[in-house]
Structures are given as structure tokens and as C-alpha cells.
Amino acid sequence: MAQYTVCQNTYYKILPSSIANGAGSTYETEDGAIIMCTSLSGDSFLKKEYIQFLKINTIGDTIATRKFRLPVDYYDFSQILKNDDDRFTAVGSSFNLLPVLPGSGFFSIQNHIIYYTFNSNLDSIAFKSIIQVVDTIQLLSMRDAIINSNNNIITLCEDMSLHNIMLLEASISGDSVRSSQLLPIYGTRIYSITQKKDLTGYLVTCEGGYNQLPSNISHIITLDNNLNFVAIDSLPGECAYISQIHQFNNNILVGGRAVRIWGGIPPPIPPPDPYMTEEYCIEKLDTDFNVIKQVFLSHVVLNHHQSSDDTISYPAGNQNFSFIDTNSIYTCHFRAFPPFMYPNSPNYYVIAKFNSFLDLKWQLYFGNDAFYSISNILSTTDGGCFVNGSRYAANSQDQDVFYLKLDSTGIFTSSGEPNMAIHSAMVFPNPGANVLYVEAGPQVLGNYFQLYNLQGIKMHEVRITVSQQQINTVNLPAGMYIWSIVKKGKIIDTGKWIKAG
């Protein structure tokens, strides 16, 4: 197990929309600084004004910037990879948009995989692009990139309209080595790639139909070293949606959103029967894809067949788990994905820490002052983690970028930025009616949940014994209440809950 002896700084920063409105990939330098990719959109979300790289020091201040522009409509970088010496390569995709027949969606031309190399001071070194000449591409997206054992870059790409899967191997300098295309019979979404531990090929996570398999389940596709299809297997736990896959000691770690259908006959499971949950899941598999352990976070029983009281968990869009020390695994997901781009209601995002056995060590809830959409979580060499994403505040209608640094215990000290709620538990639905749920991490179990009215009268008290505790509130009058988590007579967390009339 790694030992961390350096100071663990924490910070929270917001980049206003005039500087950046999209958060991208991240990487930590050898001196503990963070390189972060951000973007500023043009007159539509599919047109870029520019990409900006930031270097953030250990106290959260930006100490270097570099703007990157291309003369095309769309370009973005999905991964930052570390080369030899002091060089980094950002890997992404680019294309031009063309109008098409009404109702047929977008169409793109000049589809390229792009490679931008720079040093730790963000000085430009080189730029390369490889055109994708597949005639059927309608909208190219690069999903993931890794450096393989030959020190080449493997990119995993998808046609977002036709769902064709494309893979490309290139040298660090951006020279093409080989490519491959997989043509699914049904629509397939692909997300992540890792090289097999025995170096005999690659594993890719996907969801949707492929090779005449049912279109409503998740899969792992096995490729050989030439990027050719070898086999496809069902992914246990159904957690391939916005998924991530990585080798983990002698096993495999997968994180993503799981859709689970509960109930049925026999036995019925209320309420009601059946119901569906959409939860963040992290699981450890053996090399034959058998489950060693699964952990589901944010089990929400309110999501009854996409009803109006949905509370859905979405993994961080680019990287939802990260580890350096295998005994310190960090995950991040966010709650209540909006039905539209600019939601009025705030939400929480959830950061959790696991050990190598996937035992949950702590779980914390952040936000609720704006709507947060998370891009990445990055484990850092001081034992903590770094999170970035977008933040939309309805009162200002600004789509800003934020980033947050936590230490290994989850402790965070504000540095003058706008207040952001940090809770060890979450109470929902809020507003609610005749029942509320207290969701809490293991650091809260055994403590007491108290509910007070605005006159300071205690209306309810219960000991928290499970990670998601149901509390009957049918006898409480409508109005606002103050909830508290109490440990040994001391309030350690508090918030507001509203019972609707």
C-alpha cells in the first residue's frame, strides 16, 4: 500500500462562462499540479470557440494557460495521456458540420482523430491529425484513449448517429499504425477500453445490440492485438452505461450506471411491484467476467418507470473512478440528470472512497446550489482526489466550469469561492410528502437523524442503521423542517426539508 506523506491541499474554484463552459480531461504532473482541459462553445453546443488548457498548482491557482484553436466547427479532447519525459498528448476528434435533409440529424465531414502534444508548462510541441475515411460516418466522437504496451495510442471512437465502432492505433507522435471498424447490427454505444493484463488484446465496454445479441443489455467486447473482434460477453451488473473499465491487480474494475428492474412474481417487492432503479455501480470481476463484488450507490426507489419523481444517478461523463493506490479508489456520480440542457433545479454530486475489497469507506454529497454535471474524478499522488465538471446556476443562467480538490478523508476547506453545500447525508425527495429517505455513507451509520419544525420542536428522531433509511412522515403537517445528523450529542450535518401540502 502506498504511503502519503505530502501535504494534502483542498480547494474549490469556479471558472466563469466567459472563460470556459465545458470541462474536459485531466492529468496530474510529477510536481502535483493538475493539467485540465476546458472549452468555450460557439453559437451552438456543437461548435467550439476554442479549447483552453490550464495548469493548476497545489493550492488551486491557475499558473499557466494555453489556447488551442482549429478552423473547423467541432473539436474536443477526450483524454490527456503522459508520454516519456516532460511531454503530454491530448487525444480527441474534430469535424465540420453540414446541413442535411430535415429530420435526419447532423452530418459531419473531415472527421479526424487529433493529437496535440505539449510539455508540463503547456508549451506546444506538435499537432497531428488522422482523417477517418469511412464514408458512412455521420457524427464522429472519440470515447477513450490509452497508451498500450508498445507505447502506442489506442483510440476508441463511435459514429454517434450510426453507432459504428472504430478503433485506431497510432504512434505517440500521431502516425497511424492500424485501424479497425466493427459494424453492429443494432445501435451500440461504446465507452471505455483497457489492455488485457496478459497483453493478448483489449477489452471494450458497450451497451446496446451487437452481433445479433439483445439490444437492452451491456457487454464486454474482446479484441486481439490487431484490433479485430474476438468475442463478446454480457457484462454482469448491467453497469456499462457511461462506463469505465480498467485492469485492477489480477482482476478487472468496471464502473457505470446500472438499470435494475425489481420485483416480479415471485416474490413481489414493494413499492410498487415491479419498479426500476438507475444507480451508480462499481464492480470487481475476474478475467472470465465473473463477479467478485458489486457495490450499488444511490439506490432510489422513486424511479417508477420514468415517472415525474425520478432521481437518477449518472456517472461522471469521462472518468467515473480513479486510483493510484489500489486501496484508495475514488468514484463520482451525480444525481437527477436533467431532461433539458439548462435545468432550473439544483442537484447533488456524490464522491465516494473504497478500499481494494470495494468496502465503502466514506461517501459525501456536494452542491445543491446549482446544477452540476460531472466530467472527471482523478486520484492524486497526495492520497486525495480532484473532480471537475460544469455548473449551471439558474439565477445567473451561466454555464461555468468548476473544480474541487479533496484530501484522503474527504475533508474540504473553502477558499473564498461561493458557498457549496457539503453533506454526509442526503434527504430526498425534497420537497416530499408522506415518506422521506435518508441516504448516508458508512461514516454516518449509528448516528441519529432528527427532524425539527421551524419553532425548534423535535418532530422525529431515528437512529441511522442502513445506507438508505426510509422515514414515515405521513403524520407531519405540511411546511419546512430542519434536519440534523447528531453524533454523541453534537450536530455534524444539517439541512432543510419541505413537506408539500
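This is a predicted model: local features need pLDDT of at least 70, side-chain atom pairs count only at pLDDT 80 or more; totals for chains, interfaces and linings use all residues.

Colleague: What makes R178 and E169 a salt bridge?

Modeller: Their closest N and O atoms are 2.6 Å apart. The cut-off is 4 Å between a Lys or Arg side-chain nitrogen and an Asp or Glu carboxyl oxygen, so the pair qualifies.

Colleague: Why is E169 called buried, and R178 partly exposed?

Modeller: E169 has a relative accessible area of 1%, and buried means under 20%. R178 has 29%, which falls between that limit and the 50% above which a residue is exposed.

Colleague: How do you know that D382 and K405 tie together separate parts of the sequence?

Modeller: They form a salt bridge, with the closest N and O atoms 2.9 Å apart. D382 is in the loop between β27 and β28, while K405 belongs to strand β29 (residues 398–406), so the pair joins parts 23 residues apart in sequence. D382, at 8% relative accessibility, counts as buried, and K405 does too, at 5%.

Colleague: How many salt bridges are there in the whole structure?

Modeller: The search finds 13. R143, E158 and R189 are linked in a network of them.

Colleague: And what makes E30 exposed?

Modeller: Its relative accessible area is 78%, and exposed means over 50%. E30 sits in the loop between β2 (22–28) and β3 (34–41). Together with D84, D85 and D86, E30 makes up a surface patch of negative charge.

Notes
Residues are numbered from 1 along each chain as its sequence is written. Side-chain values use heavy atoms; hydrogens and water are left out. Patches are made of residues with over 30% relative accessible area and no salt bridge: like charges are joined within 9 Å, nonpolar side chains (Val, Leu, Ile, Met, Phe, Trp, Tyr) within 5 Å. Accessible areas come from the Shrake-Rupley method with a 1.4 Å probe; for residues, only the protein chains shown count as cover. Lys and Arg count as positive and Asp and Glu as negative; His and the chain ends are not counted. The place of a charge is taken as NZ of Lys, CZ of Arg, CG of Asp or CD of Glu. Helices (H or I, at least four residues) and strands (E, at least two) are DSSP runs, numbered from the N terminus. Buried means under 20% relative accessible area, exposed over 50%, partly exposed in between (1.4 Å probe, protein chains only).
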